[in-house]
Amino acid sequence: MEIKKIAVLGAGQMGNGIAQVCARAGYEVKMRDIDQKFIDKGMAIIKKNLERGLKKERITQEEIDETLGRIEGILDLKEAVKDADLVIEAIPEMVKLKLDTWKEVDEAAPKHAILASNTSSISITQMAAATDRPNLFIGMHFFNPVPVMGLVEIIKGQATDDSTVKVIEDVSSKIGKDTVLVNEAPGFAVNRLLVPALNEAVYVIQEGIATVEDMDKAIKMGLNWPMGPLTLADFVGLDTMLYISDYFVDEFKDSKYRAPALLRKMVRAGWLGRKSGKGFYDYSGEKPVPNRF
Ligand SMILES: NC(=O)c1ccc[n+]([C@@H]2O[C@H](COP(=O)([O-])OP(=O)(O)OC[C@H]3O[C@@H](n4cnc5c(N)ncnc54)[C@H](O)[C@@H]3O)[C@@H](O)[C@H]2O)c1
């Protein structure tokens, strides 16, 4: 099956990146959000990203205009998906919201359309079961920032057809991404490792073993990570990390995944990392300043 038209649900940090890379590869994209202000913000980010590429001579003005011309911002869900060959969902990580959205999409999208979720942890099989086409349902897990990161983690649900996997591998390749194929499990492969690792770094802070800056420096220089774990946690969003940790405990019935009390306390205080201006670092000034705990 040839994919020509893609609907992207959500124009947030992941959705606008997905819309950008798909349009850049030549797909016709409809980017849907629930309020015009989110669509405008997403479009502005795409434009800024593309213009950065112009300065680095990675793209011409003509290619920018063509790419932007292939993205239509849209509010109506039915309109967004009615002629899509592929729907990629990047709405907030909330089970009920995703299940309700997939039910609506299933009714409005053409019968041949493949449905792909960019969820970080939620069961692909559970979402697939909310539709009448579980064989065409799949996980397509991008990484942040989407235009920069080279991987798509493809997740096969219980009923996903091999032919669906093949189409998504082809689309991923066309948008310039490498892939790994994994089976359904909470957090799949990458977040299964990442979230416990980042939580452990938070335990180190909670127990007063190292300061925020020393922990980040130690892991950057000692393990050759491109950024420290607390910087990365602030990047991911502390609320997202807490959500995934709680989901792991529920799904695995294993307390080894439990979130540190410090993480929960910070989320309750509204310290969500970069997006709220405060997390393990304070982002109100020119440079991030590590907080003391
Ligand atoms: N942030 C990351 O590093 C990252 C990485 C991989 C996957 N993800 C996953 O991607 C998804 C989106 O995350 P994000 O970081 O882009 O969140 P975000 O909050 O930046 O964006 C979500 C967007 O979805 C919109 N939205 C809400 N309900 C909607 C609906 N019914 N239809 C269309 N749009 C709707 C919101 O208005 C918002 O603009 C989540 O499932 C998340 O777990 C995030």
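Two strands pair if DSSP finds at least two bridges between them. Helices (H or I, at least four residues) and strands (E, at least two) are DSSP runs, numbered from the N terminus. The structure described here is a predicted model, in which local features need pLDDT of at least 70, side-chain atom pairs count only at pLDDT 80 or more, and totals for chains, interfaces and linings use all residues. Residues are numbered from 1 along each chain as its sequence is written.

**The sheet as a whole**
- Eight strands form an open sheet with mixed pairing, in the order S3-S2-S1-S4-S5-S6-S7-S8.
- Strands S3 and S8 (178-183) are at the edges; each has a single partner strand, so one side of each lacks a neighbour in the sheet.
- On average, neighbouring strands of this sheet are turned by 25° against each other, direction ignored (axes are lines fitted to C-alpha atoms).

**Strand S2 and its partners**
- Of the 5 residues in strand S2 (residues 28-32), 4 are buried (20 or more other C-beta atoms within 10 Å of a residue's own, with C-beta atoms placed from the backbone).
- Strand S1 (residues 5-9) pairs with S2 in the parallel sense over 5 bridges, and alanine 7 is opposite lysine 30 in S2.
- Strand S3 (residues 71-74) runs parallel to S2 and is joined to it by 4 bridges; here valine 29 stands opposite isoleucine 71 in S3.
- A right-handed β-α-β unit is made by S1, helix H1 (residues 13-24) and S2: with the strands pointing away from the viewer, the path from the first strand over the helix to the second runs clockwise.

**Strands S5 and S6**
- Strands S5 (residues 114-117) and S6 (residues 137-141) run parallel and are joined by 3 bridges.
- Phenylalanine 137 in S6 is the bridge partner of leucine 115.

Notes
Buried ≥ 20, exposed ≤ 12 C-beta atoms within 10 Å, placed from the backbone. Axes fitted to C-alpha atoms, helices over the stretch in contact; angles between N-to-C directions.
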